[in-house]
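Please read the following report alongside the sequence and the coordinates. It takes up a few local features in turn, with the cut-offs behind each term.

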Amino acid sequence: MSEFLQQLVNGLTSGSVYALIALGYTMVYGILRLINFAHGDVYMLGAFFGLFAARALHAGVDPNPVKALAVLLVAMAGCGIAGVIIERCAYKPVRRSPRLSALITAIGVSLLLENGGRVVFGADPKFFPQIIPSRIISLGGGVSISNQQIIILGVSLTLMILLRLLVKHTRVGKAMQAVSWNPTAAALMGISVDRIITFTFMIGSMLAAAAGVLVALKDPKIEPYMGMLPGLKAFVAAVLGGIGNIPGAVLGGLVMGIAEVMVVGYVSPTYRDAIAFVLLIVILLVRPAGILGRNTTEKV
Amino acid sequence: MTSRIRWFASCALVLALAIGGCSGQKKADEIVIGEYGSLTGNDATFGQSTKEGVELALSELPEGKLGGLPVRCVVEDDRGLPEEAVTVVKKLVSQDQVCAVIGEVASSRSIAAAPVCQEAGVLMISPSSTNFKVTQQGDYIFRMCFIDDFQGTVMAKFAALNLKLTKVAILEDARNDYSVGLADIFAKAFVSLGGTIPGKVQAYNAGDTDFRSQLTAIKAMNPQAIWCPGYYTEAGLIARQARELGIKVPLLGGDGWESEKLLEIGGEALNGCYYSNHYAADNPDPRLQAFLTSYKAKFGKESDAIGGLAYDAAKVLFQSMQTLQTLDAAAFAGLGSSKAGTPARREATKKLRDIVAGLKDYPGVTGVITLDSNRNATKPAVVLEIKDGKKVYNTTVNP
């Protein structure tokens, strides 16, 4: 039993990271009907920005919580800017084109970031310094959690709550909902659709950056291709929860994290990456709109 | 008008230069050897140390020549991928027309590329691939290190007799020939010494960064140690996550742990762990110390055992070529680049092969090397302990 509970703790931690990445997918999809395949690579950029910030602040040599927070904020700011640049340079020019063009552009941006990362950062894995030294906290019954895992859960939860408040209770959040509902009508009501889209990309990229830093804290090996698989899995998580649906992305991420850990722990690690896609197939067969998604008929 | 004439003139000039550059002069005769390894990727220090070991051996050749011919080494990066290893070795063999190849460290990559060398009649000396299957690929394939049957048994004996353990869990890299082989051999030897392996063998895939589920399963088995015969990147991460989950028992590993990066990745979590290696850097042997000093002077950092083995491999190759020249100067000429693709080259590599195969009591920096009938070296292994963030010599086990 204690083994199961321990696996559950591990699953929740990795699931909350998937949830953060999945939120970016789902927000962009909700507004633009675009699957931003470059999102996983923005997460990679976040980890690297965090690494450079940590090196500049010597956060690994003399760790303290203020520096760790600074590393997180620098990475989020860096990725926020990167997100805006990507949106303005790559997606905006093809916004009026068919949806397929935007999708192909997204794949292009993804390849650009991965291989550009390889040129700039080098192909060798880098090791993220311990900006918060790990400490083990026993939960009793043989189950333990590290302070890093608590931080990951705490930061993810805080960001998710902030996002919820932003979307539901601010003017810009209401504008986002309006654009998602009907961009033409929203524009007629005086909402600057372009600015809302850019803003959405910025928020999504910042969440991905936070995920990047949090993962690097837990599993300190970072490299330019690290975003590929987590990106795909988070996309599956977003579909699982119902793409375009914010609570759905969180739920999908958690389900994904727990499923993965349980498969590795009780079945075989070979299926670690397969389980994500098994879940995708099952959900598409059983409930194509996702767990929390609403079935909508598309007007033709 | 004049500008147009000038434009044509410059075009003609560029064209002439391009054609002139292509034809070139006939190249002087030289000996070309190849080296391939993971200069980048998950286990990049393996490839880099090998490259530097070979470079050092090359720089010690008088005037960089052997039997009057200059020696050149072509280095290729396989990015740590077996399929890429095949591609780069094919390039070395067919384009650079090398007469011998040094590489790889990882057994999976050596096994993948060896058939290319065997078919072309090019010698391949793996400095440090320990899986049994490597030299089984053909009689042109050699290695300068012990094999895993020996290494796995050494660590099983060390666990059972020196550390007096009776229950050891296993965590292997499922897609790595080296790791799976070593895990099996250890398990057999450990059980025959009266130990038990609790539960099923846990596995991961190279490149994974999260080992918590496997470690949680291992924790429930309550072992006295964990045998994890993988490579250093994963070993370091596994150690850290094991400590996070409250697993305090030592981790045991093989020579795949040997890297300057191991301690950077694993840090304090590795204290109290043991692994088998080809040499201990604190061994006072004068040959080894002389090598370590000249390595440091050339590259400004400490060598690891992988670098030492590559140095030995290159030295053995050069010495054998030298022997060939003394015994049969006509055959030696066949190694030259001007003879590439001719029957004389085939004849020369065949004779060179026979000389390397007969290697006996070669005084290498990683120990005395004698090749057996399977072209494997029989050498002692050392066990290192990680203590206060340093690798400390613990014991030597002879074959």
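## Helix α6 of chain B and its cover

The buried residues of α6(B) are covered by elements that include α4 (107–120), α5 (148–162), β7 (168–173) and β9 (225–227) of chain B, where helices (H or I, at least four residues) and strands (E, at least two) are DSSP runs numbered from the N terminus. Among these buried residues are B:Tyr178, B:Val180, B:Leu182, B:Ile185, B:Phe186 and B:Phe190; a residue is called buried if 20 or more other C-beta atoms lie within 10 Å of its own, exposed if 12 or fewer, and partly exposed in between, with C-beta atoms placed from the backbone.

Helix α6 (residues 177–192) of chain B has 16 residues, which at 1.5 Å a residue should span 22 Å, and this agrees with the 23 Å between its end C-alpha atoms; the expected span is 1.5 Å times one less than the number of residues. After α6(B) comes B:Gly194, with a positive phi near 95°.

## Basis of the model

This is a predicted model, in which local features need pLDDT of at least 70 and side-chain atom pairs count only at pLDDT 80 or more, whereas totals for chains, interfaces and linings use all residues. Residues are numbered from 1 along each chain as its sequence is written, while chains are lettered from A and ligands numbered from 1 in the order in which they are written.

## A buried glutamate in chain B

B:Glu52 lies in helix α2 (residues 44–59) of chain B, and it counts as buried because it has 20 C-beta neighbours inside 10 Å. Leaving aside residues up to four places away in sequence, B:Glu52 touches B:Phe299 and B:Gly307, a contact being a pair of residues whose C-beta atoms, placed from the backbone, lie within 7 Å. B:Glu52 and B:Phe299 are 247 residues apart in sequence, yet their C-alpha atoms are 7.8 Å apart in space.

## The contact between chains A and B

The contact between the chains takes 20 residues from chain A and 24 residues from chain B. On the side of chain A that touches chain B, the elements giving two or more residues are α1, β3 (143–146) and α10 (246–267) of chain A, and the largest share, five residues, comes from α1(A).

By class, that side of chain A divides into seven nonpolar, nine polar and four charged residues; Ala, Val, Leu, Ile, Met, Phe, Trp, Tyr, Cys and Pro count as nonpolar, Asp, Glu, Lys and Arg as charged, and the others, Gly among them, as polar.

Technical notes: Two residues are in contact if their C-beta atoms, placed from the backbone, lie within 7 Å.
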